[in-house]
Amino acid sequence: MSEEMMDHVNEHDEVVGTFPRSEIYSRKLRHRIAHVFLLDAQGRIALARRGKEISYCPDHWCSTAAGHVAAGESYEDAALREMQEEIGVTVPLTFVGVTPFVKPGTSHDKLLGVYTAQYEGLFVCDPHEVQYVEYRSVEEIRAMLLNEQELVHPETRALLQKYFL
């Protein structure tokens, strides 16, 4: 299987090159990530517990679904693909925004495309990617982010603080 190709983008989100994923990371090139936050009718946010075998931030709380935007793919198409692959859900999405993000302790920056949707159905999780999904209230999420014992993916932490808290 060939390695995933990703677009290297500038600060204006314009494609300036396409490289294998390993090179994007080894050279710390700016790239795109899509994040989805599903909400229920009470406004609670569904958070996914990442798989224990994931290479980066295993067993951390994360957005409902997230992943790399492949070369030539839109944020929305990546969000829809990741949602289907990770949690078995297909619903129309609402675009929230694109947020620059710098991984803590590094100079490696990314652009995070954020989407939301209302959903209250079943989740069929890919166990490698997601252990389970839980809805949390804004108050519960605030407490989670203050608790240093809670493992929260850094991108998810930043997006929750920017868009939901």
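Modeller: Happy to. Buried means under 20% relative accessible area, exposed over 50%, and partly exposed in between, with a 1.4 Å probe and protein chains only. This is a predicted model, where local features need pLDDT of at least 70, side-chain atom pairs count only at pLDDT 80 or more, and totals for chains, interfaces and linings use all residues. Residues are numbered from 1 along each chain as its sequence is written, and side-chain values use heavy atoms, with hydrogens and water left out.

Colleague: Thanks! What percentage of the 165 residues is buried?

Modeller: Buried residues account for 48% of them.

Colleague: And how many helices and strands are there?

Modeller: There are 4 helices and 9 strands, taken as DSSP runs numbered from the N terminus (helices H or I, at least four residues; strands E, at least two). Along the sequence they run β-β-α-β-β-β-β-α-β-β-β-α-α.

Colleague: How does the radius of gyration look next to a compact globule?

Modeller: It agrees, because a compact globule of 165 residues would be near 15 Å and the protein has 15 Å. That is taken over C-alpha atoms, and the globule rule is 2.2 Å times the number of residues to the power 0.38. The C-alpha atoms fill a box of roughly 40 × 30 × 30 Å along the principal axes.

Colleague: Switching topic: how much space lies in the largest pocket?

Modeller: About 630 Å³. Its lining has 32 residues, and R21, R50, I54, G67 and H68 are the closest to the centre. On a 1 Å grid over the protein atoms alone, a pocket is an open set of points where a 1.4 Å probe fits, with protein on both sides within 12 Å along at least five of seven lines; lining residues have an atom within 4 Å of a point.

Colleague: Which elements supply at least two residues each to that lining?

Modeller: Those are α1 (21-26), β3 (31-39), β4 (45-50), β6 (65-68) and α2 (75-87). The lining divides into 9 nonpolar, 10 polar and 13 charged residues.

Colleague: Now M5: where is it, and what does it touch?

Modeller: M5 is in strand β1 (residues 5-9), and it counts as partly exposed because its relative accessibility is 37%. Leaving aside neighbours within four places in sequence, M5 is in contact (heavy atoms within 4.5 Å) with T18, F19, P20, A70 and A71.

Colleague: Last one, D77: how far is it from A34 in space?

Modeller: They are 8.9 Å apart, C-alpha to C-alpha, and 43 residues apart in sequence. D77 lies in helix α2 and, at 44% relative accessibility, counts as partly exposed.

Methods: Grid points are joined across faces, edges and corners, and a volume is the space filled by probe spheres set on the points. Ala, Val, Leu, Ile, Met, Phe, Trp, Tyr, Cys and Pro count as nonpolar, Asp, Glu, Lys and Arg as charged, and the others, Gly among them, as polar.
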